[in-house]
Amino acid sequence: MEFLVASAVGLLAAAGVYLLLRARTFPVVLGLALLSYAVNVFLFSMGRLTVNLPPVIGDAGNGYTDPLPQALVLTAIVISFGMTALIVVMALRSYLESGTDHVGIEPVDGAEGESQP
Amino acid sequence: MNHWIVFPIVLPAIVAPLIAMAMRHDIVLARVFSVAATALLLFVGMVLMADASGGAIHTYTLGNWPAPFGIVLVLDRLSALMLVLTAALSLVVLLYAINGWDTRGRHFHALYQFQLMGINGAFLTGDFFNLFVFFEVLLIASYGLMVHGGGAERVKAGVQYVIVNLAGSTLFLIAVGLIYSVTGTLNMADLATKVPLVGAADQALLKTGAVLLLLVFSVKAALVPVHFWLPGTYANAPAPVAALFAIMTKVGAYAIIRLYTLAFGDAAGDAAWLAAPWLMPAALVTLLLGMTGVLAARALGQMVSFAVIGSMGTLLIAVALFTPQAMSAALYYLIHSTLAAGALFLVVDLVADRRPGQGDAITVAPRFAQASLVGGLFFLGAIAMAGMPPLSGFVGKLLILDSARTALNAGWIWGLILGTSLLAIVGFARGGSTLFWKSSAQPGSFEAFPSVRPALPVVAAGLLLGGTVLLTVFAGPVSAYLDETAAQLFAPMGYVDAVLGAEGGNE
């Protein structure tokens, strides 16, 4: 299971970073979403991976799942969800105002959209 | 338990939604509440600072949960100082903003208060997941403020700013995860007791986490190689927002100072002072790059932005020495550079405002209204920023140079700080002489500017410059306070005992 989770985190992060470096708003938004998934899974596994155990310390003494990472993941999900919504709105606004979806102050020449001076 | 400690977070948190909901349509009422709340913040900040200057470290356990399990707020000399600095800067900047900037978009005052809530929270919290949350609060508010007023260039710069910071937040969470996985705690004081106990097998994870965290704070502090977002953001942000952002880079510097003296100091065993070898070269390059940028800038806003990067380099050079004397010098320079950068951003806007069509571009154009007054303010601000006598920049750089005298790489530090000061002087002199001297000789004038000019913006910029004058005049008492602050930072057991109880234990 460790291998599966670790490679999932790695794959998500790699895809996220690749998309982030595309420097066009839509891939960047997708990349940030993938990165935040990678982080959520990573945070989830930071309290050790355990199966079928309650998040409280019971009398039976057969171990427990660390509840703190779950609380942190919840916070992280809420924040990244809100941030994704915000970046989508800002990217749209930027596209409508400048006519290009490049991320950066000076658009690259030869892009299909013409930028206003 | 002193309930006033939570006040700097609660007050803006209440005032902001109040303004957003009840005073949406009444800008006068919003202005009154916003200014009153910020003035109250300054007053409470001073009371808290008087309280903390005695040397006691006060804690506030939120929800009355005991320390390593619940979230604590911690008030010591450093956080009290940062609270007062934030409140003072934001009050003056707000006085500037209520003169028209706040009506160029919606919800300026609500976002401004949320921003203050995030900054104050980041300075007070003693828990580093909570630090992440407050970082997000201040960032979310700053995204709104950054694009306040709109315009294609500004929104474009805003998108870039948001993306860089979202990537930074992701790294923050990864770093928090790594550190939690080997220490099992999120409380900074508890972390300080757990770091020395981390086994040899887990050291790699711990150090990776700590260095990643340093990278995250460096993004906030605009340290090379993650500085690239700053010039675009600050130069395109509305002037009052850019001036307020002068404290935002210091939030990154504060986090570096706090975490690495507390948890990764002398007592940290294998991980002791692990930030220093990374921080020092990065800070030196930052200083060089920033001041070279001052020389190369084609607009005044850009020039000041690069000067901010350079000043962060200077500040973090002193931090990276990690000695009490250098820390005291760094904190002095921190206060100075916040005031000077804030003042300069306001002066840039005064110039841009008076040159319709030209803006803040460094071009020769006809003489503009009040050129000598604005030019004088720019002259003072440039002197302060470049570190020339008699203003506080000189005192700050002198203190830093003095504290670096016995350092390992003193030659590099001295050479770069002195050399880049010259670059800054040349850069500012070039910008100033083009804008104010050569332009005075040009025929014609800008007519569009109204002849009745409000005095408040000029007064606000003057107040910030007056702050640097005060900082120079009262350099003695201020350094005495900062020496005590640095001593407190380098005795982290005091902080740990205050948070976890005198036993320093976990249960």
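Biologist: Why is chain B said to agree with a compact globule?
Modeller: Set the value against the rule. For 507 residues, a compact globule would have a radius of gyration near 23 Å. Chain B has 22 Å, so the two agree. Bear in mind that this is a predicted model.

Biologist: What does the C-alpha trace of chain B span along its principal axes?
Modeller: About 75 × 60 × 40 Å.

Biologist: What share of chain B counts as buried?
Modeller: The cut-off is 20 or more other C-beta atoms within 10 Å of a residue's own. By that test, 60% of the 507 residues of chain B are buried. In chain A, 31% of the 117 residues count as buried.

Biologist: Why is B:Phe172 called buried?
Modeller: It has 27 other C-beta atoms within 10 Å. The threshold is 20 or more, so B:Phe172 qualifies as buried.

Biologist: Where does B:Phe172 lie, and what does it touch?
Modeller: B:Phe172 belongs to helix H6 of chain B, residues 152-183. Beyond residues up to four places away in sequence, B:Phe172 touches B:Phe132, B:Phe135 and B:Val216. B:Ser440 is 268 residues from B:Phe172 in sequence, and their C-alpha atoms are 50 Å apart.

Biologist: Which secondary structure elements does each chain have?
Modeller: Chain B has 20 helices and two strands. Chain A has three helices and zero strands. Its pattern along the sequence is α-α-α.

Biologist: What makes the span of helix H14 of chain B close to expectation?
Modeller: H14(B) covers residues 324-354, which is 31 residues. At 1.5 Å a residue, 45 Å is expected, and the helix reaches 45 Å from its first C-alpha to its last.

Biologist: Why is H14(B) described as mostly covered?
Modeller: Of its 31 residues, 27 are buried.

Biologist: Which residues touch the most other members of the largest nonpolar core?
Modeller: That core has 229 residues. The top residues are B:Ile256, B:Leu316, B:Val319, B:Ala330, B:Leu346 and B:Val347. H14(B) supplies the largest share of this core, 20 residues. In soluble globular proteins, nonpolar side chains tend to be buried together.

Biologist: What is B:Val319 in contact with, neighbours within four places aside?
Modeller: B:Ala253, B:Ile256, B:Ile257, B:Leu279, B:Met327 and B:Ala330.

Biologist: How many residues does each chain bring to the contact between chains A and B?
Modeller: Chain A gives 27 residues and chain B gives 23. On the chain A side, helix H2 (25-45) and helix H3 (67-98) each give two or more. H3(A) gives the most, with 13 residues. By class, this side of chain A has 18 nonpolar, seven polar and two charged residues.

Biologist: What confidence does the predictor report?
Modeller: The complex has an ipTM of 0.87 and a pTM of 0.92. Mean pLDDT in chain B is 90, and 97% of its residues reach 70 or more.

Biologist: Where in chain B does pLDDT stay under 50?
Modeller: Over residues 503-507. For that stretch the model has five contacts beyond four places in sequence.

Conventions:
Residues numbered from 1 in each chain as written. Chains lettered and ligands numbered in written order. Predicted model: local features only at pLDDT ≥ 70, side-chain atom pairs only at ≥ 80, totals over all residues. Contact = placed C-beta atoms within 7 Å. Helix = DSSP H or I, 4+ residues; strand = E, 2+ residues; numbered from the N terminus. Nonpolar A, V, L, I, M, F, W, Y, C, P; charged D, E, K, R; others polar. Buried ≥ 20, exposed ≤ 12 C-beta atoms within 10 Å, placed from the backbone. Rg over C-alpha atoms; globule rule 2.2 N^0.38 Å. Expected span 1.5 Å × (residues − 1). pLDDT = per-residue confidence, 0-100. Core = buried A, V, L, I, M, F, W, Y, C linked by C-beta atoms within 7 Å.
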